[in-house]
Amino acid sequence: LVSREVKAEDTVIDLGDGVRLGGPSIVVMAGPCSVESREQVLETARAVKALGATLLRGGAWKPRTSPYEFQGLAEEGLKLLAEARDATGLKVVTEVMDAETLPLVAEYADLIQIGARNMQNFSLLRKVAATNKPVLLKRGPSATIKEWLMAAEYLLAGGNYQVALCERGIRTFESMTRNTLDLNAVPVLKQLTHLPVVVDPSHGIGLRAHVPAMARAGVAAGADGLIVEVHPRPEKALSDGHQSLTPEEFGRLMAQVRVIAGAL
Ligand code: PEP
Ligand code: MN
């Protein structure tokens, strides 16, 4: 069902209020890695909205490598995202970690993110499909494009056709960067599937200084959208501060993205 041979036209996910992922314009999702506080999320939302983002990203449940690291604000985080949506008009994309919290996440999110670590959690995929909410399916750190498309197939087979794929970097032998952003995946996916393709340069390279370059490259490669970590005070962030842009850096990137998108 994900194949272009089955459906030739691009899938466009209508998130409401003119936000259309997979359409002619680049959809930019921006915000902190984690929702940390009311002030932090509202300040970030207002800033990224003013700079041209149309979705606010932010995790309420975080898949942290260590159990001793900040795990997220849970339902309180979802409420803060909803408050930021009401205040700015931004749509909300947030990650669901498990089946228990899915009903809550589905209630608050406009776009449900399935994290890299859950890409092949097939029972979760089936349950997310059943919500009929738009889904952003991140690529597993060690998944091939074929495995990723088959994971998306679970969502479509479950009756949910509103699925976008997000390249967020894969694990390679390279240790200078957090992951290796596989931009090859963008044109390859655009040929193989009708689903929209989003690039996450933040997790893809993991270094603030280089996030804008990889975001620009993602757009140039043909991505339909970007998801970028932005924090008003990255040095104080409770997660992924080292790869979060300041609002000022994000603003410069948005201007460059407009130029590249206009040239395509
Ligand atoms: C995130 O978006 O903050 C995140 C945890 O991403 P990933 O699942 O790609 O690691
Ligand atoms: Mn993150």
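Tutor: Happy to! Helices (H or I, at least four residues) and strands (E, at least two) are DSSP runs, numbered from the N terminus. The chain has nine helices and 10 strands. This is a predicted model, where local features need pLDDT of at least 70, side-chain atom pairs count only at pLDDT 80 or more, and totals for chains, interfaces and linings use all residues. Residues are numbered from 1 along each chain as its sequence is written, while chains are lettered from A and ligands numbered from 1 in the order in which they are written.

Now for burial. A residue is buried if 20 or more other C-beta atoms lie within 10 Å of its own, exposed if 12 or fewer, and partly exposed in between, with C-beta atoms placed from the backbone. By that rule, 49% of the chain's 264 residues are buried.

A nonpolar core is a set of buried Ala, Val, Leu, Ile, Met, Phe, Trp, Tyr and Cys residues joined through C-beta atoms within 7 Å. The largest such core holds 76 residues, and Leu137 and Leu226 touch the most other members. Helix H5 (residues 145–157) contributes the most to this core, six residues. In soluble globular proteins, nonpolar side chains tend to be buried together.

Let's zoom in on Leu137. Two residues are in contact if their C-beta atoms, placed from the backbone, lie within 7 Å. Leaving aside residues up to four places away in sequence, Leu137 touches Ile114, Met119, Ala151, Ala152, Leu155, Val163, Leu165 and Cys166.

For contrast, look at Pro24, in the loop between strand E2 (19–21) and strand E3 (27–31). Pro24 is exposed because it has 10 other C-beta atoms within 10 Å.
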